[in-house]
Amino acid sequence: MLATVTLGLGACHPDETSVRLAFEMRSTRADDARLSFYVSDLAMIQGQGRVVPVRLDANAWQNDGTAMVALGGKTENAVVFGKVASGHYEAIEFLLGVPFERNHGNPLAAAPPLNVPAMFWTWQSGYKFVRLAIGNDWSFHLGSTGCVSASAVRPPDEPCREPNAARIRLASDAPEAGTIAVDLDALLAHIDTTVDDNCMVAYAESEACRSLLANLGLDPATGRCLDDCSAQTVFRFAP
């Protein structure tokens, strides 16, 4: 099974460089997978770790800082547009999720891509950063937990106890023009979706959930990256 999302740029100012990334969902285990996820704070990485932000253009799938990727469903996001300052880059980095300051607004008033009801829990909890469905029987929803506010319809004043947002960094000789494989087999390693329960909340309490978060480089107990999420196995540049 192969689904592709292309990230590219139109005409750029002379001091800006085009970025074109293709996301491919790969799996030998999940024949009927539908995957959506948020990519925020996309950046290119120069030597010595200098971070250069990619500015996304506003359209039906993205604002200037967050894009939604949708693969495998009836409606897919085919193209994402942005711009980055010219330079030599060694890696790309993004947050798999929505930053706290953008995660708890009113979805009825939000601009795309934060206006998708299926990707929202409550004002208190915010958005589903990752939504994976395999057939009609198994689902994985990842979002922040431990969010404290007066009620489910009130946003929290302070960051959630477990942010559960992985920061993905991928090295490449030419990261602005590569293909990123989203490996569902790696995400689902050690999980039997025909037996294990859905994973939507209480991530630290379920063995299946703990495996899913660990495969994304996250500590299930804290919802934070272990070693900068360097152990994640789900995203990689394809050869």
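Analyst: About 60 Å³ of space lies in the largest cavity. A cavity is a set of points on a 1 Å grid over the protein atoms alone where a 1.4 Å probe fits but cannot get out; a volume is the space filled by probe spheres set on the points, which are joined across faces, edges and corners. This is a predicted model, in which local features need pLDDT of at least 70, side-chain atom pairs count only at pLDDT 80 or more, and totals for chains, interfaces and linings use all residues. Residues are numbered from 1 along each chain as its sequence is written, and side-chain values use heavy atoms, with hydrogens and water left out.

User: Which residues line the largest cavity?

Analyst: Lining residues have an atom within 4 Å of a point. Among them are Leu-35, Phe-37, Phe-140, Leu-184, Leu-187 and Phe-235. S4 and helix H1 (184-187) each supply at least two residues of this lining; helices (H or I, at least four residues) and strands (E, at least two) are DSSP runs, numbered from the N terminus.

User: How many nonpolar, polar and charged residues are in that lining?

Analyst: The lining of the largest cavity has eleven nonpolar, no polar and no charged residues. Ala, Val, Leu, Ile, Met, Phe, Trp, Tyr, Cys and Pro count as nonpolar, Asp, Glu, Lys and Arg as charged, and the others, Gly among them, as polar.

User: Turning to the largest pocket, what lies nearest its centre?

Analyst: Ser-36, Met-68, Ala-70, Thr-75 and Val-116 lie nearest the centre, out of 19 lining residues. A pocket is an open set with protein on both sides within 12 Å along at least five of seven lines. The space in the largest pocket is about 310 Å³, and its lining has twelve nonpolar, four polar and three charged residues.

User: How many disulfides does the search find?

Analyst: The search of the whole structure finds three disulfides, each a pair of cysteine sulfur atoms within 2.5 Å. In sequence order of the bonded cysteines, the pairing is 1-2, 3-4, 5-6.

User: Why is the disulfide of Cys-225 and Cys-229 left-handed?

Analyst: The torsion about its S-S bond is about -90°, so the disulfide of Cys-225 and Cys-229 is left-handed. Cys-225 is partly exposed, at 30% relative accessible area, whereas Cys-229 counts as buried at 2%. Buried means under 20% relative accessible area, exposed over 50%, and partly exposed in between (1.4 Å probe, protein chains only).

User: What about Cys-199 and Cys-209?

Analyst: Their S-S torsion is about 135°, so that disulfide is right-handed. Cys-199 lies in the loop between H1 and helix H2 (207-215) and Cys-209 in helix H2, so the pair ties together parts ten residues apart in sequence.
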